[in-house]
Amino acid sequence: MNTAIHKLRLFRKCLIISLVLFSSSVFSANVTIHKNEISGLLTWSSEDNGFSIELIQLLPDFVRAIYAKHNFPKNEVERAASYCVFGTILKNTSDQHMSYYVKEWRYRTKDKTVKLMPVKTKSQWLEEWRKANIAFSWTLLPDIGEFEVGDWQQGFTTIKLPRETEFDLIYKWRLDGVLHSGVLENLKCAPESLAE
Amino acid sequence: MKFNSILYISALSLFGWSLSVSADWQQPELSHNLTKINKIIPASDFELQDMDEEPVRLSDYKGKVVLLNFWATWCPPCIREMPSMEHLQNKVESEKFKVIAINQMENPDDVFAFTGQLDVDPTFKILFDTSSQVSQDYAVRGLPTTYLIDKQGNIRYRAVGGREFDHPEVIKIIKQLAEE
C-alpha cells in the first residue's frame with residue numbers, strides 16, 4: 001500500500017517537473033522589444049511557426065476613455081482600467097490555416113507570487129458586462145481566432161495584475177492543426193500615467 | 001458626456017499616435033489576400049439605418065457585387081483600410097459594385113465627425129449596427145472583418161483584419177464576380 005502511494009507521489013512529482021520543464025523550455029522565441037521614444041510605452045513582438053504576436057502597453061486612461069465613451073457605468077470603467085491591458089495584434093504569417101484559443105493562454109509573475117493563471121477571455125468579460133446590463137461587445141481580443149492566409153486581428157488582452165508588474169505570457173496556437181506554444185517573458189504592465 | 005468625448009478623442013489620438021509613431025514597425029502591412037469560401041453561404045439580409053437615418057437593406061443591392069465591411073472608429077486597421085475601400089469603389093463601375101461599411105455600436109454624429117477627419121472622405125454607404133445584431137448574424141468575431149458578396153447574394157470571400165482593397169488582385173476578383 002505504502003509502495004503504491006510512494007509511486008503515485010513520485011509520478012505526480014515527475015508530472016509536475018515535466019510540466020514545469022515543458023512550460024519553460026519550449027518557448028522563448030525571438031522577441032523584439034520596442035520603446036516608443038515619445039511615450040516610453042513598450043511593445044513586445046514575436047513570430048514563430050506562422051503566428052505573429054504583438055503586445056502594446058496601454059495606459060489606464062486610454063482604457064477608461066474607450067469604455068466611458070461607450071456609456072459604461074463608472075464602476076465598470078474603473079474595473080476594466082484596473083486590469084493590466086495590452087493592445088494585441090495577432091497575425092497568420094503562414095500560408096496555412098492558423099487558430100488560437102485564448103482560454104489556453106496563461107500568465108505567471110516573475111516573483112512567482114502568481115503561478116500560471118488563465119488569461120481572462122472576452123466571453124468572461126461579456127458575461128460580466130451582460131450582468132451589468134452592458135451590451136457593448138467589442139475592443140477585446142476575440143476568444144477564438146480562425147485565421148486563413150493573410151488574416152490578422154487586434155484587440156485588448158487583459159491581465160489581472162497591478163500596474164508595472166512584470167510577468168510572462170504563455171500562449172498557444174495551432175498551425176494546420178499542429179499545436180505550438182511560445183512565451184513572451186518579462187512583459188510589464190503599463191504605469192498609471194506617462195512619466196513627466 | 002462632453003468630457004467623455006474629449007477624453008475619447010484624446011485617447012484615440014494617443015493610441016493612434018502610439019501606434020503611428022512607429023507605424024511601419026508596429027502595424028502589420030496590409031495584404032490583399034481574400035479567403036475564398038468554398039461552401040455556398042447566402043448572406044443574411046438586414047435592414048439598418050444610414051447616416052441620414054434612411055433604412056437600407058442588403059437585398060436592395062441584389063444584382064451587384066457587395067463588399068460588406070464591419071468596422072468601428074476605435075479600430076486602427078479599420079481606419080487604415082478605409083481609403084482603399086473608397087478607391088476600390090471608384091475603380092469599379094457603380095452599377096456593378098457597392099461598398100457598404102457597417103459601423104458597430106457607435107453614434108452617427110460621432111462617426112460623421114470622425115469621417116470628416118479622414119484623408120479620404122468616404123462616399124460609400126455607412127450603416128449603423130447599433131446592437132451588433134448584424135455582426136452576430138455574420139459571425140464577426142473581431143474588427144475589421146469583410147465579406148465579398150456576389151450578385152446572387154452569396155458570401156464568396158472573407159477577410160479578417162485590415163486589407164488593401166484597391167489592390168489589382170482584389171479588383172480582378174470583383175470584376176470576375178460581376179461578370180458571372
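The legends below accompany several close-up views of a predicted model.

**View 1. Chain A in overview.** In this predicted model, chain A holds four helices and 11 strands. Of the 196 residues of chain A, 38% count as buried. Among the contacts in chain A with a separation of 6 or more, 64% are between residues 24 or more positions apart.

**View 2. The open sheet of chain A.** Five strands of chain A make up an open sheet, arranged in the order β1-β2-β3-β4-β9 with antiparallel pairing. At its edges lie β1 (31–35) and β9 (152–159) of chain A, each of which pairs on one side only. On average, and with direction ignored, neighbouring strands of this sheet are turned by 20° against each other. In general, strands of a sheet pair through backbone hydrogen bonds, in either a parallel or an antiparallel manner.

**View 3. The hairpin of β1(A) and β2(A).** Strand β1(A) is joined by five bridges to strand β2 (residues 42–48) of chain A, and the two run antiparallel. Within this pair, A:Val31 stands opposite A:Ser46 in β2(A). Six residues lie between the strands of the hairpin, where A:Gly40 takes a positive phi near 85°.

**View 4. The hairpin of β2(A) and β3(A).** Strand β2(A) also runs antiparallel to strand β3 (residues 51–57) of chain A, to which six bridges join it. Here A:Glu47 stands opposite A:Ser52 in β3(A). Two residues lie between the strands of this hairpin, and A:Asn49 in the turn has a positive phi of about 45°.

**View 5. The pairing of β4(A) with β9(A).** Eight bridges connect strand β4 (residues 84–92) of chain A with β9(A), and these strands run antiparallel. One facing pair to look for is A:Ile89 and, opposite it, A:Gln154 in β9(A).

**View 6. Two packed helices of chain A.** Helix α2 (residues 60–69) and helix α3 (residues 74–82) of chain A pack at an angle of about 145°, and their axes are 8 Å apart. The crossing of α2(A) and α3(A) is right-handed. From α2(A) the contact draws on A:Pro60, A:Val63, A:Arg64, A:Tyr67 and A:Ala68, while α3(A) contributes A:Glu76, A:Val77, A:Ala80 and A:Ala81. Sorted by class, the residues in the contact of α2(A) with α3(A) are seven nonpolar, no polar and two charged.

**View 7. The largest nonpolar core.** This core has 87 residues, of which A:Leu58, A:Val63, A:Leu169, B:Leu67 and B:Ile102 touch the most other members. Apart from its neighbours within four places in sequence, A:Leu169 is in contact with A:Trp105, A:Tyr107, A:Val183, A:Leu184 and A:Leu187. In soluble globular proteins, nonpolar side chains tend to be buried together.

View 8. Most residues other than glycine have a negative phi, and most peptide bonds are trans. A:Leu116, although not a glycine, has a positive phi of about 40°, and A:Leu116 lies in the loop between β6 (106–109) and β7 (117–118) of chain A. A:Leu116 is partly exposed, because 13 other C-beta atoms lie within 10 Å. A:Asn186 likewise has a positive phi, near 55°, but A:Asn186 lies in strand β11 (residues 178–188) of chain A. With 14 other C-beta atoms within 10 Å, A:Asn186 is partly exposed. In chain B, the peptide bond from B:Leu143 to B:Pro144 is cis, with omega near -5°, and B:Pro144 is placed in the loop between α5 (133–137) and β7 (145–149) of chain B.

Methods: Residues are numbered from 1 along each chain as its sequence is written. Chains are lettered from A and ligands numbered from 1 in the order in which they are written. This is a predicted model: local features need pLDDT of at least 70, side-chain atom pairs count only at pLDDT 80 or more; totals for chains, interfaces and linings use all residues. Two strands pair if DSSP finds at least two bridges between them. Axes are lines fitted to C-alpha atoms, for helices over the stretch in contact, and angles run from 0 to 180 degrees between N-to-C directions. A nonpolar core is a set of buried Ala, Val, Leu, Ile, Met, Phe, Trp, Tyr and Cys residues joined through C-beta atoms within 7 Å. A residue is buried if 20 or more other C-beta atoms lie within 10 Å of its own, exposed if 12 or fewer, and partly exposed in between; C-beta atoms are placed from the backbone. Two residues are in contact if their C-beta atoms, placed from the backbone, lie within 7 Å. A crossing is left-handed if the near helix is turned anticlockwise from the far one by less than a right angle, and right-handed if clockwise. Ala, Val, Leu, Ile, Met, Phe, Trp, Tyr, Cys and Pro count as nonpolar, Asp, Glu, Lys and Arg as charged, and the others, Gly among them, as polar.
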